[in-house]
Amino acid sequence: MNALTLQWYDAGQNHTKQIYEQQPSKKPGTIRIGRDQSQCDIVLVPGTVSRLHVEIFFNSQQQSFYIRNLQPNNPPLVDGQQLIQGERPINQGSVIHLGQVQLQVVAVNINSMPATIINPVQPTSPPAQPQQPAYQNRQVTPLGQPQPPAYQNKQVTPLGQPQQPVYQNRQVTPLGQPQPPANQQFTPPVHNHPPVQGSYGLECPKCHKVSPVENLQVGCPWCGTSLAAAVSVLVAPGN
């Protein structure tokens with residue numbers, strides 16, 4: 001328990017008073033000193049003491065006892081200095097003058113709890129390495145320079161020229177023949193046909209009679225129709 005012990009001489013006698021933290025008093029939490037018995041817990045007789053002069057209390061945040069002045073017109077002396085207003089800490093050996101009465105702090109007991117030191121928990125595994133952002137190795141175009149379009153390296157066919165179909169250079173196997181393996185060079189089959197015998201003529205588009213090729217500019221000798229649209233046909237020998 002936090003406690004402070006005061007000693008003083010008054011009315012021909014020595015007095016000792018122990019003040020505790022949270023001690024029952026006229027004003028809870030403080031011990032008041034002065035001449036007025038109705039307001040003070042420690043009553044002093046001399047007329048140089050004010051009716052309600054000072055109060056002593058324990059400051060839990062500072063872990064120390066403090067004295068507060070309650071009479072600005074008759075300030076106390078604390079360790080040789082006037083306490084005109086406010087409060088200040090008092091320790092063992094402090095001397096307080098209230099008028100002609102001298103009070104001395106002969107003992108101070110502070111039961112402060114020792115601080116508890118908690119050891120931090122050591123991690124069992126190293127922290128994960130941050131992942132490299134996806135844009136770190138990305139090539140960036142400097143500001144002020146236009147980015148090349150995606151089609152810059154694309155081969156473009158000039159206007160007016162037909163595009164080459166995909167199957168143009170593709171080798172096609174005739175129907176009914178087995179396809180050669182992928183790694184085997186294809187050799188087209190050789191057909192031995194007999195040589196064509198006979199001559200060509202022009203079939204009239206109207207009467208369908210065949211005229212010699214020499215009649216192309218003359219016309220059909222049978223119906224007189226122009227042979228410009230005639231079909232070329234093969235005429236067997238002897239016909």
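**Rings, strands and cysteines in a predicted model**

Me: How many aromatic pairs does a search of the whole structure find?

Reply: Two aromatic pairs turn up in a search of the whole structure. Rings of Phe, Tyr and Trp (its six-membered ring) pair if their centres lie within 6.5 Å; planes under 30 degrees apart count as stacked, over 60 as edge-to-face and the rest as tilted.

Me: Which kind is the pair of Phe-57 and Tyr-66?

Reply: Phe-57 and Tyr-66 have ring centres 6.0 Å apart and planes at 25°, so that pair is stacked. Phe-57 and Tyr-66 are both buried, where buried means under 20% relative accessible area, exposed over 50% and partly exposed in between (1.4 Å probe, protein chains only).

Me: And what about Phe-58 and Phe-65?

Reply: Those two make an edge-to-face pair, because the centres of the Phe-58 and Phe-65 rings are 5.0 Å apart and the planes are at 65°. Phe-58 counts as buried at 12% relative accessibility, and Phe-65 is buried with a relative accessible area of 1%.

Me: What is this model based on, and how are things numbered?

Reply: It's a predicted model, so to speak of local features you need pLDDT of at least 70, and side-chain atom pairs count only at pLDDT 80 or more, while totals for chains, interfaces and linings use all residues. Residues are numbered from 1 along each chain as its sequence is written, and side-chain values use heavy atoms, with hydrogens and water left out.

Me: What's the mean pLDDT?

Reply: The protein has a mean pLDDT of 77, with 62% of its residues at 70 or more. pLDDT is the predictor's confidence in each residue, from 0 to 100. Over residues 114-118 pLDDT stays under 50, and the model has zero contacts there beyond four places in sequence (contact: heavy atoms within 4.5 Å).

Me: Switching to the sheet: what's the strand order?

Reply: Five strands make an open sheet, ordered β4-β3-β5-β6-β9, with mixed pairing. Strands are DSSP runs (E, at least two residues), numbered from the N terminus, and two of them pair if DSSP finds at least two bridges between them.

Me: Which strands stand at the edges?

Reply: β4 (42-43) and β9 (87-90), each with a single partner strand, so one side of each has no neighbour in the sheet. Strand β6 (residues 64-69) runs antiparallel to β9, joined by four bridges. In β9, Pro-89 is the bridge partner of Tyr-66.

Me: How many disulfides?

Reply: Zero disulfides, taking a disulfide as a pair of cysteine sulfur atoms within 2.5 Å. Cys-220 is in none; its nearest cysteine sulfur, that of Cys-207, is 3.5 Å away.

Me: Is Cys-220 buried or exposed?

Reply: Buried, with a relative accessible area of 4%. Cys-40 is buried too, at 3%.
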